[in-house]
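Me: I have a chain open and want to talk it through. Can you start with what counts as a helix here, and then go on to the fold?

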Amino acid sequence: MRKLSGQGFKILLDLLASSPTPPRLKELPYEFRQRQFGESKLDTMVAWEFGMLLADKLVGHIVPVRFALFSFIGGTGVIVDLVMLWAGLNLAGMSFVAAQTAATAVAMTSNFFLNNLFTYRDQRLKGVKLIRGLVSFYVISTVGAVANIMLATNVYEGHSGLVGIAYLASIAGIIVGSVWNYAVSSVFTWKRR
């Protein structure tokens with residue numbers, strides 16, 4: 001039981017993959033009839049959860065799959081942040097601090113919705129809980145964002161003559177903010193019920 005993943009809801013696969021000794025299996029034929037009521041729960045997200053369970057069984061003992069996915073989504077947030085930083089600096093004529101602040105806010109919002117959809121699908125927030133979760137994520141991420149902006153600004157101002165320093169400064173800030181965001185949002189925003 002301790003080896004069960006708990007990722008997704010495909011318990012039979014989890015039981016079979018977690019068994020310390022290969023279980024004896026017997027296949028019983030079953031023929032499905034036409035559905036009478038309701039609709040199938042099988043969709044692309046169920047397939048996604050199945051893939052996540054398989055990934056957890058393969059590499060979960062090395063790095064938690066949820067952390068890996070959170071980090072991947074954080075990587076998309078880096079791209080969003082850098083694009084928004086570029087737009088703020090080059091299209092909107094903003095100061096570095098203003099552009100970095102706006103870029104961080106857009107990246108936080110993007111990361112929240114992607115994490116809610118993929119990383120925490122089994123704990124996905126909906127309705128009013130989605131709004132509360134977003135507010136919680138903003139509050140938690142604000143500490144990471146302040147650290148992000150302060151570090152990025154210090155690096156930028158200390159080396160402002162270097163080519164590309166705005167982007168390197170931004171990446172340094174993102175790394176600091178990301179560690180905080182994962183650790184705290186896992187506990188408070190998407191807490192298990």
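Reply: Helices here are DSSP runs of H or I with at least four residues, and they are numbered from the N terminus. This is a predicted model.

Me: OK, what pattern does the chain follow along the sequence?

Reply: The pattern, read along the sequence, is α-α-α-α-α-α. The chain has six helices and zero strands.

Me: What radius of gyration does the chain have, next to a compact globule of 193 residues?

Reply: The chain has 21 Å, whereas a compact globule of 193 residues would have a value near 16 Å. The C-alpha trace spans about 70 × 40 × 30 Å along its principal axes.

Me: What share of the residues is buried?

Reply: Buried residues make up 32% of the 193 in the chain. The accessible surface comes to about 12,600 Å², and 68% of that belongs to carbon and sulfur atoms.

Me: And the charges, how far apart are their mean positions?

Reply: The chain has 18 positive and 10 negative charges, and their mean positions are 9 Å apart.

Me: Back to the fold. Of the contacts with a separation of 6 or more, how many link residues 24 or more positions apart?

Reply: Such pairs account for 71% of those contacts.

Me: Let's do α4. Which residues of α4 are buried?

Reply: Helix α4 covers residues 96–119, and its buried residues are F96, A99, Q100, A103, T104, A107, M108, N111, F112, N115, N116 and T119.

Me: Why would residues three or four places apart point the same way?

Reply: An α-helix has 3.6 residues a turn, so residues at that spacing point the same way.

Me: What covers the buried residues of α4?

Reply: The cover includes α3 (65–91), α5 and α6 (165–188).

Me: Take N116. Why does N116 count as buried?

Reply: N116 has a relative accessible area of 5%, so N116 falls under the 20% cut-off for buried. N116 sits in helix α4. Not counting residues up to four places away in sequence, N116 touches R121, R124, L125, L130 and W190.

Me: Now the α3 side. Which residues is I73 in contact with, leaving aside neighbours within four places in sequence?

Reply: I73 is in contact with N111, L114, N115, F118 and T119. I73 itself belongs to helix α3 and is buried, with a relative accessible area of 4%.

Me: Last one, T153. Where is T153, and which helix holds it?

Reply: T153 is in helix α5, which covers residues 127–158. T153 is buried, with a relative accessible area of 11%.

Me: What does the side chain of T153 reach?

Reply: The side chain of T153 reaches the backbone oxygen of I149 at 2.7 Å. Neighbours within four places in sequence aside, T153 is in contact with F96 and V97.

Notes
Residues numbered from 1 in each chain as written. Predicted model: local features only at pLDDT ≥ 70, side-chain atom pairs only at ≥ 80, totals over all residues. Heavy atoms only, no water. Helix = DSSP H or I, 4+ residues; strand = E, 2+ residues; numbered from the N terminus. Buried < 20%, exposed > 50% of the residue type's maximum accessible area, 1.4 Å probe, protein only. Polar contact = N/O pair within 3.5 Å; in protein donor to acceptor, adjacent residues only side chain to side chain. Contact = heavy atoms within 4.5 Å. Rg over C-alpha atoms; globule rule 2.2 N^0.38 Å. Areas by Shrake-Rupley, 256 points an atom, 1.4 Å probe, with all protein chains shown as cover. Lys, Arg positive; Asp, Glu negative; His and termini not counted. Charge placed at Lys NZ, Arg CZ, Asp CG, Glu CD.
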